[in-house]
Amino acid sequence: NITKLGGGVSGADVLGANLFMRTTFEYRQFWSRNLRPDERFDAPRPVVAVRARYGRIEGNVPFFEQLFVGGVNSLRGYDNQRFWGSQSLLATAEYRYPIQRSFNLVGFVDYGGAWGGYGTLRDYAQSATPDLKLGYGFGAGFRTPLGPIRIDFGFNQDGGSRTHFSFGTSF
């Protein structure tokens with residue numbers, strides 16, 4: 001249990017004592033057509049990918065340890081870590097269509113949120129009960145020698161939009 005910082009603030013109890021348990025359940029499923037007999041095992045094929053994730057925290061949790069939803073790896077179309085709380089739910093569906101071996105187009109829908117944590121921070125009001133949001137959009141993915149690179153253009157139900165750039169796959 002870390003309760004103190006070293007260096008110039010040695011002895012200051014700045015983090016507090018926190019005892020909590022975080023539990024997360026996640027399900028992922030991928031569908032694609034079967035390979036034809038004349039195709040190589042790594043031939044590009046369209047893929048439908050879905051993910052569902054639920055998280056819950058019990059106990060006294062500091063703000064930065066809450067469950068966060070929003071942004072590039074969760075609820076696209078919203079600011080990164082826009083929603084936070086002691087519970088979160090996220091459902092994602094993607095259609096990945098290969099244009100060539102190292103380039104594909106993606107259409108996606110995200111639905112989720114987080115609730116039950118700390119209240120309003122700056123201009124970001126939070127909810128004590130589930131208030132799930134919708135994000136949707138399209139993107140492009142590239143396979144490079146350094147790994148996958150992806151750019152997504154996400155839109156949200158409030159009329160806003162965000163561009164998300166990431167290294168790696170979305171899930």
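Helices (H or I, at least four residues) and strands (E, at least two) are DSSP runs, numbered from the N terminus. The structure is a predicted model, in which local features need pLDDT of at least 70 and side-chain atom pairs count only at pLDDT 80 or more, while totals for chains, interfaces and linings use all residues. Residues are numbered from 1 along each chain as its sequence is written, and side-chain values use heavy atoms, with hydrogens and water left out.

**Figure 1. Glycine 119 in the loop between strand S5 (103–116) and S6.** Glycine 119 is partly exposed, at 43% relative accessibility; buried means under 20% relative accessible area, exposed over 50%, and partly exposed in between (1.4 Å probe, protein chains only). Not counting residues up to four places away in sequence, glycine 119 touches Trp84, Tyr124 and Gln126, where contact means heavy atoms within 4.5 Å. Between the C-alpha atoms of glycine 119 and arginine 40 there are 53 Å in space, and the two are 79 residues apart in sequence.

**Figure 2. The aromatic pair of phenylalanine 63 and tryptophan 84.** Rings of Phe, Tyr and Trp (its six-membered ring) pair if their centres lie within 6.5 Å; planes under 30 degrees apart count as stacked, over 60 as edge-to-face and the rest as tilted. By this rule there are 10 aromatic pairs. The pair of phenylalanine 63 and tryptophan 84 is edge-to-face, with 5.3 Å from centre to centre and 75° between the planes. Phenylalanine 63 belongs to the loop between strand S2 (47–59) and strand S3 (67–69), and tryptophan 84 to strand S4 (residues 83–100), so the pair ties together parts that are 21 residues apart in sequence. Tryptophan 84 is buried, with a relative accessible area of 3%, whereas phenylalanine 63 is partly exposed at 29%.

**Figure 3. The aromatic pair of phenylalanine 138 and phenylalanine 153.** The ring centres lie 5.4 Å apart and the planes stand at 40°, so this pair is tilted. Phenylalanine 138 is in strand S6 (residues 133–144) and phenylalanine 153 in strand S7 (residues 147–156), 15 residues apart, and the pair thus links distant parts of the chain. Phenylalanine 138 is partly exposed at 45% relative accessibility, and phenylalanine 153 is partly exposed at 30%. Ring pairs join Tyr136, Phe138, Phe153 and Phe155 in a cluster.

**Figure 4. Threonine 92 in strand S4.** Threonine 92 is buried, with a relative accessible area of 3%. The side chains of threonine 92 and aspartate 110 make a polar contact at 3.1 Å; such a contact is a pair of N or O atoms within 3.5 Å, and within protein one must be able to donate a hydrogen and the other to accept it, while residues adjacent in sequence count only if both atoms are side-chain atoms. Leaving aside neighbours within four places in sequence, the residues in contact with threonine 92 include Arg76, Val109 and Phe171.

**Figure 5. The largest nonpolar core.** Five residues make up this core: Val69, Leu75, Tyr78, Phe83 and Ala114. A nonpolar core is a set of buried Ala, Val, Leu, Ile, Met, Phe, Trp, Tyr and Cys residues joined through side-chain atoms within 4.5 Å. Beyond neighbours within four places in sequence, tyrosine 78 is in contact with residues including Gly70, Phe83 and His164.
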